[in-house]
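Here is a short briefing on strands, helices and charged side chains. Keep the sequence and the 3D view open while reading.

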Amino acid sequence: SGSHGPSDPKGCPEKEDYLDFMLSFPQTTQHILVAESMAKGIPIMKKSAMLHTKLHFLDPIAFQPLHHSIEEQYDDPFPSNTTPGINMLKYCLRPVAKRGYMHDECTTAFEEEDVIKDLVVSKPKIKELADAIKSFEPPTASKDIPSIVTSTQGDHVSVTFLGTGAAIPSKYRNVTGILLQNNGASILMDCGESSLGQLYKRFGKEGTEEILSSLKFIWISHIHADHHMGLASVLGARSRVLHEQQKPDDPLLIIGPRPLRKSLHLYSSLEPMAFTYVEASCTEVGENGKTKDVDSSVLQSLQAAMASMGLKRLESVRVEHCAHAFALVLESKDYDHAANTGWKIVFSGDTRPCPQLVTAAKHATLLIHEATFEDTMKDEAIEKNHCTTGEAIAAGEEAQAYTTLLTHFSQRYPKIPVIDETTLHSSNHVGVAFDLMTVRLSDLPRIPRIVPAVKMVFEEDSNGMDQDHPSNPS
C-alpha cells in the first residue's frame, strides 16, 4: 500500500503522467490519495461541531453555521484500487488476516436536526430560552448606552473568538485568538496555534482569504506560546493568498513582545512571509504622555494601520503577568465618551487585576478580560498571575465598561466556566466567550442573556466535568 499527496491536489490526479505513475504499480497495491480538495464535508472534531450546532440553535447571529470541506466530484479517473484519504483512516498491514482499511475511528457526519431534536427532548425548557434570545428587543438609544450599540454602525464592528482557552487546545476551546473587523478591515489580537484553521472553519475558504488579505496588523500580548504559536502559519497563508490574488505582498505590521522578534525572523527563513516587527513597548504611553521615538518608516506603518482600521488610539498597557506582557486599548476615530460617539475596545491579555488596566479600560464599549480560574482558586490565580472570574467581572465594573466578555478559561472547564450565579443574575453586562462566536457591537445587550441557556445546555454531572477533562490543566 502507499499514499500520495499531490502538490496540486485539485489538478494533479487528473494528469495523465500522475495516473500513469499510479498504474505502474501492481493491481494488488492499495493507493490512498491524500488531497485537500477531495476532503469530505465532515467535521474533524465531531463533538465540537455538535456543540456549535446547539449554540447556533440558541443564538444564530452570534454562532453562525460553520464551514466544512466540500467533497469535490471528479470523473473517476483513478484505478479501482484507489481510496480517498479521510481523517483517522487506518490501513492494517499486520496481522495479514486483518489486512485492509479500518474506518472505526473515522469521524462520521451528523444531522443537525437530530442534534437539536435530542436537545429539545432532553431539556424541554431550552426552546423557550432560545426563543427569548431570538426575540430579544435591543434597547433604544439613551445616554447610558453607547450610541454605537443602538445604531446600524454597530453591525459593522465585530469580534470573533478563534480561541477562548488557556495553555493548550482542547476539544471545545482552542487557545487565544481574537479577530476584530471594522468595515472590511481586520486585525488579530493574539494568534494562538490553529488560529488559521479556526478562521477557515468559521468563515470558509473565500471568507478567510478575504480576511487574510485585509489584515492591517497583528498584536501579540506576551511571549507565552499559547498566544502566538499560530502567527507563522497566518503570515505564511497571507503571503500565499496575496500571491494567488496577484496583489503586492506588503509587510504586515506585527506588534508584540521583544523576545518574539528573533524567533519570528528565524522562522521567516523557512517560509515566505512579509512583516514589519514593532515592539509593543513602542506603543506604550509613558508618564510624559508620549510613546517612544521610533523609525519614521515604522511610524508610517503604525499610522497607516490605524487609519485603515479607523483608529485614533492604539495603546499597549503594561500588565502584571510576565515580562513584556501587555493589554491593548483601541479607540475609533470618533470615540468620545462624553459625547457618546464611537467605540472603545480593550483586551486584557493575561494579567492579575491591576489598576493601570482598569484606568485604560475606563468607559470601554467592550472589555475582553481573561478569567482563567473560578473564584475558589484565587491562590492558584495569584501564583500563576491570572484572574478569577470574579476579579475579571470586578475589573469591568470598576472600569465602568458597558460589556465585559470573559475569556481565556482554564481547560479544566472544557465547556463553560464556573461563574457565581448571583453575580450573573445581578449584571446584564457580563458575557462568556466561546470559540467561533462572533459578537457585533450591536449585539452587546443580548450576549449576557445567552449565558443561562448555555448553562442549561451544558449541565453535567455534579462535579461539572466531562470525559475530556485534562489531567493537569493550567
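Predicted model: local features only at pLDDT ≥ 70, side-chain atom pairs only at ≥ 80, totals over all residues.

A search of the whole structure finds 18 salt bridges. Strand E6 (residues 157–163) is largely enclosed by the rest of the structure, because seven of its seven residues are buried.

**Strand E6 and its partners**
- E6 runs antiparallel to strand E7 (residues 177–182), and six bridges join them.
- Within that pairing, Thr 160 sits opposite Leu 179 of E7.
- E6 also pairs with strand E18 (residues 438–440), again in the antiparallel sense, over three bridges.
- Thr 160 has Thr 438 as its bridge partner in E18.

**Strands E10 and E11**
- Strand E11 (residues 275–279) is mostly covered, with four of its five residues buried.
- Five bridges pair E11 with strand E10 (residues 252–256) in the parallel sense.
- Leu 253 stands opposite Thr 276 of E11.

**Salt bridges**
- Glu 279 and Arg 258 meet through their side chains in a salt bridge (3.4 Å, N to O). Glu 279 is in strand E11 and Arg 258 in helix H8, so the pair ties together parts 21 residues apart in sequence.
- Glu 279 counts as buried at 15% relative accessibility, whereas Arg 258 is partly exposed at 48%.
- Glu 271 forms a salt bridge with Arg 240, with the closest N and O atoms 2.9 Å apart. Glu 271 lies in the loop between helix H8 (258–267) and E11, and Arg 240 in helix H7 (residues 231–244), so this pair ties together parts 31 residues apart in sequence.
- Glu 271 is buried, with a relative accessible area of 19%; Arg 240 is partly exposed, at 44%.
- Asp 131 and Lys 127 form a salt bridge at 3.1 Å, N to O. Both lie in helix H4 (residues 126–134), four residues apart, about one turn of the helix.
- Residues three or four places apart in an α-helix point the same way, because there are 3.6 residues a turn.
- Asp 131 is partly exposed at 35% relative accessible area, and Lys 127 is partly exposed at 42%.
- A network of salt bridges links Asp 59, Asp 155, Arg 440, Asp 443 and Arg 446.

**Surface charge**
- Glu 111, Glu 112, Glu 113, Asp 114 and Asp 118 gather in a surface patch of negative charge.
- Asp 118 belongs to helix H3 (residues 112–122) and is exposed, with a relative accessible area of 52%.

**Helix H12 and its end**
- Buried residues of helix H12 (residues 389–399) include Thr 389, Glu 391, Ile 393 and Gly 396.

Key
Residues numbered from 1 in each chain as written. Heavy atoms only, no water. Patch = residues over 30% accessible without salt bridge, like charges linked within 9 Å, V, L, I, M, F, W, Y side chains within 5 Å. Areas by Shrake-Rupley, 256 points an atom, 1.4 Å probe, with all protein chains shown as cover. Salt bridge = Lys/Arg side-chain N within 4 Å of Asp/Glu carboxyl O. Lys, Arg positive; Asp, Glu negative; His and termini not counted. Charge placed at Lys NZ, Arg CZ, Asp CG, Glu CD. Helix = DSSP H or I, 4+ residues; strand = E, 2+ residues; numbered from the N terminus. Buried < 20%, exposed > 50% of the residue type's maximum accessible area, 1.4 Å probe, protein only. Pairing = 2+ DSSP bridges.
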